[in-house]
Amino acid sequence: MSANNAHIKRLLATKQCQGGDLRDAQLTRLNLANADLSGAKLMFANLNGTNLNQANLSGAELSFANLVAADLARSDLSGIDAKGVNLLDAKLNEAELGGADLVFATLVNSQLQNSNLSGASLEGANLIGANLHTAQMSGVNLAGANLGHTQLIGANLSNADLSNARLVEADLSDANLSGVNLRNANLLNANLNGANLTGADLSGANLAQAKLDGAIGLYQENPVSGMRTPPERHPSSAHTHPNMSSYVSVLHTNSSLHSGSNHLGLPRPGLPS
């Protein structure tokens with residue numbers, strides 16, 4: 001079913017189309033900055049390269065819409081239904097995306113600096129190369145998402161679900177990962193320098209070659225079992241974490257460990273192994 005032509009005309013004339021029927025509409029490269037599209041139906045709409053800077057799209061339906069290279073900086077996208085939306089190369093810095101449904105969305109190389117994604121669902125989404133510097137992502141669902149090479153420096157991911165996520169070479173330095181679910185996540189070559197991992201679930205996570213200098217919460221009283229850690233490195237190797245050799249050796253040789261145990265009993269810095 002195609003868009004309502006009267007609604008398109010109203011949008012172009014006034015930039016006001018609250019709740020409008022714009023399904024399958026061709027709205028490419030238009031200037032819709034500050035437009036009010038709250039609650040609008042934009043499923044399968046083509047907004048390639050459209051200027052939606054500071055637009056109000058709260059509660060809009062954007063499933064499978066084309067927003068490639070669209071400018072959505074400082075826009076209100078809270079509560080949108082945008083399953084499968086294409087936001088490749090989109091500008092979303094300082095955008096409000098709290099509670100958004102972005103399941104299986106494409107956000108490759110998108111700009112999301114200082115954006116708010118708290119409580120949003122991005123399960124299975126593709127965020128390769130996205131910039132999420134200092135983004136607010138508390139409670140976000142990124143289970144199974146691809147975050148390879150993403151910039152998450154200083155981002156707040158507290159209590160987020162990153163189970164089975166791919167974080168290869170992602171930069172999570174100084175990020176808040178407290179209480180995060182990283183079960184079976186792939187953190188190969190990831191940068192976790194200065195990250196807060198207090199209470200994080202790292203069961204089955206791959207931390208091979210990860211940078212862990214200054215990371216908080218790795219040496220807890222009862223860390224989670226099953227975490228795959230980096231191989232032992234030569235002491236002169238760059239980014240070698242303090243006490244990592246003893247940390248790895250405990251994983252392999254501690255006779256008190258059992259396969260079903262949830263307690264590794266890992267040593268803390270400064271204590272004998």
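The questions and answers below concern a predicted model.

Reader: How many aromatic pairs does the count come to, and are the planes of phenylalanine 44 and phenylalanine 64 stacked or edge-to-face?

Author: Rings are paired when their centres lie within 6.5 Å, and planes under 30 degrees apart count as stacked. By this rule there is one aromatic pair.

Reader: Where in the chain do phenylalanine 44 and phenylalanine 64 lie, and how many residues apart are they?

Author: Phenylalanine 44 lies in the loop between helix 1 (5-14) and helix 2 (244-253), and phenylalanine 64 is likewise placed in the loop between helix 1 and helix 2. The pair links distant parts of the chain, with a separation of 20 residues.

Reader: Is asparagine 191 buried or exposed?

Author: Asparagine 191 is placed in the loop between helix 1 and helix 2. Leaving aside neighbours within four places in sequence, asparagine 191 is in contact with Ala170, Asp171, Leu172, Ser173 and Lys211. Buried means under 20% relative accessible area, and because asparagine 191 has a relative accessibility of 17%, the residue counts as buried.

Reader: Which residues touch the most other members of the largest nonpolar core?

Author: In soluble globular proteins, nonpolar side chains tend to be buried together. The largest nonpolar core here has 77 residues. Leucine 127, not counting residues up to four places away in sequence, touches residues including Leu107, Leu112, Leu142 and Thr150. Those that touch the most other members of the core are Leu102, Leu127, Leu157 and Leu167.

Terms used
Residues are numbered from 1 along each chain as its sequence is written. This is a predicted model: local features need pLDDT of at least 70, side-chain atom pairs count only at pLDDT 80 or more; totals for chains, interfaces and linings use all residues. Side-chain values use heavy atoms; hydrogens and water are left out. Rings of Phe, Tyr and Trp (its six-membered ring) pair if their centres lie within 6.5 Å; planes under 30 degrees apart count as stacked, over 60 as edge-to-face and the rest as tilted. Helices (H or I, at least four residues) and strands (E, at least two) are DSSP runs, numbered from the N terminus. Buried means under 20% relative accessible area, exposed over 50%, partly exposed in between (1.4 Å probe, protein chains only). Contact means heavy atoms within 4.5 Å. A nonpolar core is a set of buried Ala, Val, Leu, Ile, Met, Phe, Trp, Tyr and Cys residues joined through side-chain atoms within 4.5 Å.
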